[in-house]
Amino acid sequence: MNRRSVLASLVLPLVASLAIGAGAQAANPKLKIGFVGVTSGPAAAWGISNVRSMQARAVWLNEIGGVKIGGKTYDIEIVTFDDQKDPKRAIAGMEKMAQEGIRYVVGPNVDDGAAAVRPVAEQNGIIYFPYAFPKALYSPPASNAVLGMVASYQSGPAIYKHLKENKGVKTIAFISANESDPLSQRADGIAAAKALGLKIVSDSVTYQVDTTDFTPVITPVIRTNPDLLVLSGVAPANAPQIIRSARELGFKGLISTETAQDATVLMEGAGKLADGFISVGGASTPEIASDAMKEFVARYTKMFGEYNDESNTKVYALEYIIETLKANPAAIDDVKAFKKTMDTFSAPNPYMKGDAKLKYVGSSSFGQRRQIAVPLVVNEFRGGKFETLFVAEVD
Amino acid sequence: MEQVLANGVYLGAQYALIALGLTLIFALMNVLNFAHGQLYVLGGFVTYTIYGQLGLPYVVALLASAVSLAIVGAALQGFLFGPVIRRSQREESTMLLAAGIAFLLDAVILLLFGEKQRGVPKIVDGVLNWDFRVIMPYDRILICALAIAFVAAFILYMQYSRTGRALRALAQDRIAAELMGVDVSRYSMIGFALGAMLAGIVGGLLVTITGVNLGMGGPTSIKAFLMVMIGGAGVISGAIAGGFILGMMESIGLSVLSQYGDVTYLVIFASLMVFLAIRPQGLMGKPWG
């Protein structure tokens, strides 16, 4: 090696590192937002729609120069952790977020995971946005969890009431997976049905979460011939199979669920047999979607190849975190400031037409504002897509 | 009761076909293939892509599932299990390898086919309704018949073909088979390919009924092991018996025990523990291996 090449080998890396350093100085500081939830297995669609919504929105925000919070502009970085729907892994995920100094986390997606991470979140000063329904997570003395969607005990009564008044439903049956979320949603559904004076004809049949053939499971329920069959907390992977089995066994009544579903999955799995299936939709419809929502859908589809209707709801959590931090920049490192701001926070809702607002709700269900306000959209599946049955608001 | 029995026969036929591939691989190579469920899922996704997405005839898709999984099986044997078996005498080496392959296949399937539940158009429309005593969609009847036909074809192939005889010889005594001129490495690869092909065929058959998703692999493997344990590890007839017994137990349990909640598999597992305590080699297995 001659002197020139030795010099070049010493100088070039130095110049390169200086250039990279200068580039790094020019970039915005990162604001890390976490995700801990399920992105593998039968319920993967729930968590993946979260992650992809956050990533699509983060890329979009970073493209337009970042987010200005208290005079400083940040790029958004999404840090994800797959808890595999296992509470132990959810705890590990939340601990990872704490180690990385992340204050705001979206998820977990299910009840036991959300309950399991509570001590970690509270000890480490993390605000988290679960998609789980236990009231204890959101009611005092708990204060770090913010429900990221409409709960089954809020949507269930609205759906049953609508079907009782408009479709003449008098008898109802429930079927659920044998795990905590669906069972608690079934209990909420039974209570709501009783309160409405509906006759419950079957409420004991459950199935293993990894069931692949539902015909033997659902046969005893179909024999009770209910007006309405409720699939409590059904995972998107299971809904088309249960619907198909029920219809093939000759069930003519209505079928509904309080969880969000995916139109493509329903069409592929059950086809026309899924026509008339009622579910809670993503928090948007063509009638209420703003241009920003349409652009979000287009960007998401471009990034990931296929849109998920659930992301109409899942897009909101990150938006609430960022807008609340904008409203009170001190909250960027201080979740107490965040909590204080939640009581009075209000900002324009970019995803809805008109003068809709982002605001924290939940006073009537939890005794404090620990739920994000998203529209309750109830859909009916027909001809391969969801049609809006009705839209409501929740507090 | 007729409906319960019909459901049991249908479940049993598909379970038997799943268990056959697993038990074949175990018999030939003493490998507990924890990735068998993932091979089944992969077979389902191949049929989904060719029949559901590309719109080609179902027969072509089923054939593609069988062939592609046979190639995957041969590759797994040739590049992974074969070398590990040659280099390591410890059985846990192949078990760990199989578990690793299961995770790998899960990741590959997620990358290639995504996380969503996938389904394909029904291959036959209509429902058989026998006076409301037995209600069975025609596509289930067809899939059940095909599964039974594949089981029968497999037995005949193993019984009467030259390859089948070589595989059986290999399963009975590896060293004696080698001394009699059986090319062990070649037939090991054929056996593994055949086992994986059976998993692919079941995946291709069942995607028309239950659809397919990423998470099905693990639970399918567990059920397959259950059937093999009931029937006797490495015994073809045992796997078939185990499949039908499990299918019938599941169907009867889900009907009779439905009012007590999800206790069917609790009862099945408890019964299996008692059964294995009395007869650890399974129904048709030999106590000496």
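This is a predicted model: local features need pLDDT of at least 70, side-chain atom pairs count only at pLDDT 80 or more; totals for chains, interfaces and linings use all residues.
Me: What makes A:Glu179 and A:Lys85 a salt bridge?
Reply: Their side chains come together with a nitrogen and an oxygen 2.7 Å apart. The cut-off for a Lys or Arg nitrogen and an Asp or Glu carboxyl oxygen is 4 Å, so the pair A:Glu179 and A:Lys85, at 2.7 Å, qualifies. The count between domain 1 and domain 2 of chain A is one salt bridge.

Me: Where do those two domains of chain A run?
Reply: Domain 1 takes in 30-149 + 285-374, and domain 2 covers 152-259. Their C-alpha centres are 29 Å apart. Each of the two domains of chain A gives 15 residues to the contact.

Me: How do you know how much area the two domains of chain A bury between them?
Reply: The size of an interface is often given as the accessible area lost when the parts come together. For domain 1 and domain 2 of chain A this comes to about 1100 Å², with 50% of it on carbon and sulfur atoms.

Me: What else is found across the interface of the two domains of chain A?
Reply: Six residue pairs there are in polar contact. On the side of domain 1 that touches domain 2, two or more residues come from each of α2 (44-63), α4 (111-123) and α13 (363-366) of chain A. By class, that side of domain 1 has seven nonpolar, three polar and five charged residues.

Me: Why is A:Lys85 called partly exposed?
Reply: Its relative accessibility is 21%. Partly exposed runs between the buried limit, under 20%, and the exposed limit, over 50%, so A:Lys85 at 21% belongs in that class. A:Lys85 sits in the loop between β3 (72-82) and α3 (87-99) of chain A. Its phi is positive, about 60°, although A:Lys85 is not a glycine.

Me: Which other residue has a positive phi although it is not a glycine, and what makes it exposed or buried?
Reply: A:Asn225 has a positive phi of about 50° and is not a glycine either. Its relative accessible area is 54%; exposed means over 50%, so A:Asn225 is exposed. You will find A:Asn225 in the loop between α7 and β9 (228-232) of chain A.

Me: Is A:Thr171 called buried or exposed, and why?
Reply: A:Thr171 has 16% relative accessibility. The limit for buried is under 20%, so A:Thr171 counts as buried. A:Thr171 belongs to strand β6 (residues 171-177) of chain A.

Me: What does A:Thr171 touch?
Reply: Leaving out residues up to four places away in sequence, A:Thr171 touches A:Lys199, A:Val201, A:Asn225, A:Pro226, A:Asp227 and A:Leu228. A polar atom of the A:Thr171 side chain lies 2.9 Å from the backbone nitrogen of A:Asp227.

Me: Which peptide bonds are cis, and where do they lie?
Reply: One joins A:Gly107 and A:Pro108, with omega about -5°. A:Pro108 is in the loop between β4 (104-106) and α4 of chain A. Another joins A:Pro140 and A:Pro141, with omega about 10°. A:Pro141 lies in the loop between β5 (127-129) and α5 (152-167) of chain A.

Me: How many residues make the contact of chain A and chain B, and what area is buried?
Reply: Chain A brings 37 residues and chain B brings 36. About 3000 Å² is buried between chain A and chain B, and carbon and sulfur atoms give 50% of it. A:Arg244, A:Glu248 and A:Glu268 supply 21% of what chain A buries against chain B, more than any other three residues.

Me: What makes B:Arg118 and A:Glu306 a salt bridge?
Reply: Their side chains meet at 3.1 Å, N to O. The limit is 4 Å, so B:Arg118 and A:Glu306 pass too. Between chain A and chain B the count is six salt bridges, and there are eight residue pairs in polar contact.

Me: Which element gives the largest share of the side of chain A that touches chain B?
Reply: That is α7(A), with six residues. By class, this side of chain A divides into 15 nonpolar, 13 polar and nine charged residues.

Technical notes
Residues are numbered from 1 along each chain as its sequence is written. Chains are lettered from A and ligands numbered from 1 in the order in which they are written. Side-chain values use heavy atoms; hydrogens and water are left out. Domain bounds come from an automatic or database domain assignment. Contact means heavy atoms within 4.5 Å. Buried area is the accessible area (1.4 Å probe) that two parts lose on being put together, summed over both. A polar contact is a pair of N or O atoms within 3.5 Å; within protein, one must be able to donate a hydrogen and the other to accept it, and residues adjacent in sequence count only if both atoms are side-chain atoms. Helices (H or I, at least four residues) and strands (E, at least two) are DSSP runs, numbered from the N terminus. Ala, Val, Leu, Ile, Met, Phe, Trp, Tyr, Cys and Pro count as nonpolar, Asp, Glu, Lys and Arg as charged, and the others, Gly among them, as polar. Buried means under 20% relative accessible area, exposed over 50%, partly exposed in between (1.4 Å probe, protein chains only).
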